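Let's walk through this one together, one question at a time. Keep the picture open while you read.

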Amino acid sequence: MALLCSAYSHATAQLGPRPFYLVDQMAPSTLKTKLSRCMNRPVFKSDFSIGHRGAPTQFPEHTKESYLAAARMGAGILECDVTFTKDKELVCRHAQCDLHTSTDILLRPELAAKCSQPFTPADMKTGTPASAKCCTSDLTLDEFMQLKGKMDGANPNAQSPQEYVKGTANWRTDLYSASGTLMTHAQSIELFKSLRVKMTPELKAPAVDMPFNGMTQEDYAQKMINEYRSAGVSPRKVFPQSFNIEDVQYWRHQTRFGRQGVYLDGRYRDENFDPNSPQSWQPSMDEIKASGVNIVAPPLWVLLTLDETGKLVPSQYAKAANAANLDIITWTLERSGLISQNGGWYYQGINDAIKNEGDVYTVLDVLAKQVGVKGVFSDWPATTTFYANCMNLY
């Protein structure tokens, strides 16, 4: 199945300067020449460009402002990570227990008092970092909606809640964090409908024991789908995701929304995992396909390796997924810092082939043309939208 959108959904995108800055950074190459020739072309929305939590390089993730920014940058698909409140209402948050780092809850004493673990200052003598644990399941929906989103992060050396919430990574910015409007899952659906984008909700793993107040895991998975049905959204416009393959299989066999279900492959967490050794990632790709899954989504480094000359090429994992007729999407572009400073987690194992910020396009080109990914999650969708338009991936 294709994740590429048809002409009906084209809308002019606003890229800003970053894609062109990245092209300017590239070493001379055929790819740079091609991208340079696209700089003055009109740019349109593309389903190849997926807004990862919106546009969280500059906007608080999973907020209305972040989603609007991603759509304006041409992301054809937007993501709401789905979790639930104390009264079992679905909301957009990356994790059930990240409110202490992604919202202002610790600055609201009446709500901070409800956190699973209160703020504890850093102990400099023992080297114990500051901590807190605040979950959506600690709050009712009404309480949750009182919060304001902020740039995700925390100061481990904090002595007060005010210090703790100031933890924005140095490759991000707080310039757009004055407002951060939180959203329910249902509100995100209505916003995405108005923006004429497709939707990729991720059912987040519960941080509480299930069943939760009578809600089983299957109830939770079904509840998410029900909110699309209630909103009149076609299954063709939804790509439900989960790291739990049983969720994807449930959607495939019990709902009309499972054909485009995305298995977020978390097997990379196994210490023995090697993307070039099939024995280290069982079940096999053929077995995953046979179980009803049609789309796999590993982190981008899992799909890439270096050949004997040091060039980026598809990994054995990528080749096996293609051979099993599985579609592939991947995550996450521009999320772990500067490539010129080693790039971080998302570029592990391929650092020797990428040297500067412009090499994000080298990575993207191999993913698109050699691995054959159908879409790429990005924290700054303009980068991916520009590439997709230049390569006619709509």
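Q: Is Thr332 buried or exposed?
A: Before we start, this is a predicted model, where local features need pLDDT of at least 70, side-chain atom pairs count only at pLDDT 80 or more, and totals for chains, interfaces and linings use all residues. Residues are numbered from 1 along each chain as its sequence is written, and side-chain values use heavy atoms, with hydrogens and water left out. Buried means under 20% relative accessible area, exposed means over 50%, and partly exposed is in between (1.4 Å probe, protein chains only). Thr332 has a relative accessible area of 0%, so Thr332 is buried.

Q: Which strand holds Thr332?
A: Helices (H or I, at least four residues) and strands (E, at least two) are DSSP runs, numbered from the N terminus. Look along residues 327-333 and you'll find Thr332 there, in strand 14.

Q: Leaving aside neighbours within four places in sequence, which residues is Thr332 in contact with?
A: Contact here means heavy atoms within 4.5 Å. With the neighbours within four places in sequence left out, the list for Thr332 is His52, Leu300, Tyr346, Phe377, Ser378 and Asp379.

Q: How many disulfides does the structure hold?
A: A disulfide is a pair of cysteine sulfur atoms within 2.5 Å. One of them joins Cys38 and Cys390, with sulfur atoms 2.0 Å apart. For the structure, the count of disulfides is four.

Q: How many residues apart are Cys38 and Cys390?
A: Cys38 sits in the loop between helix 2 (30-36) and strand 1 (46-51), while Cys390 belongs to helix 14 (residues 381-390). So this pair links distant parts of the chain, and the separation is 352 residues.

Q: Why is the disulfide of Cys38 and Cys390 right-handed?
A: Check the torsion about the S-S bond of this pair. The disulfide is right-handed because that torsion is about 70°.

Q: Which parts does the pair of Cys80 and Cys92 tie together?
A: The sulfur atoms of Cys80 and Cys92 are 2.1 Å apart. The pair ties together parts that are 12 residues apart in sequence, because Cys80 lies in the loop between strand 2 (75-78) and strand 3 (81-84) and Cys92 in strand 4 (residues 90-92).

Q: Is the link of Cys80 and Cys92 left-handed or right-handed?
A: Take the angle about the S-S bond, which is -105° for this pair. That link of Cys80 and Cys92 is left-handed.

Q: What is the pairing of the bonded cysteines, numbered in sequence order?
A: Another disulfide joins Cys115 and Cys134, with sulfur atoms 2.1 Å apart. Both Cys115 and Cys134 are buried. Number the bonded cysteines of the protein chain in sequence order and the pairing reads 1-8, 2-3, 4-7, 5-6.

Q: At what angle do helix 8 and helix 9 pack?
A: Axes are lines fitted to C-alpha atoms, for helices over the stretch in contact, and angles run from 0 to 180 degrees between N-to-C directions. Helix 8 (residues 185-195) and helix 9 (residues 217-230) have their axes 10 Å apart, and they pack at an angle of about 40°.

Q: Which residues in helix 9 meet His185, Ala186 and Ile189 in helix 8?
A: Look where the two helices come into contact.
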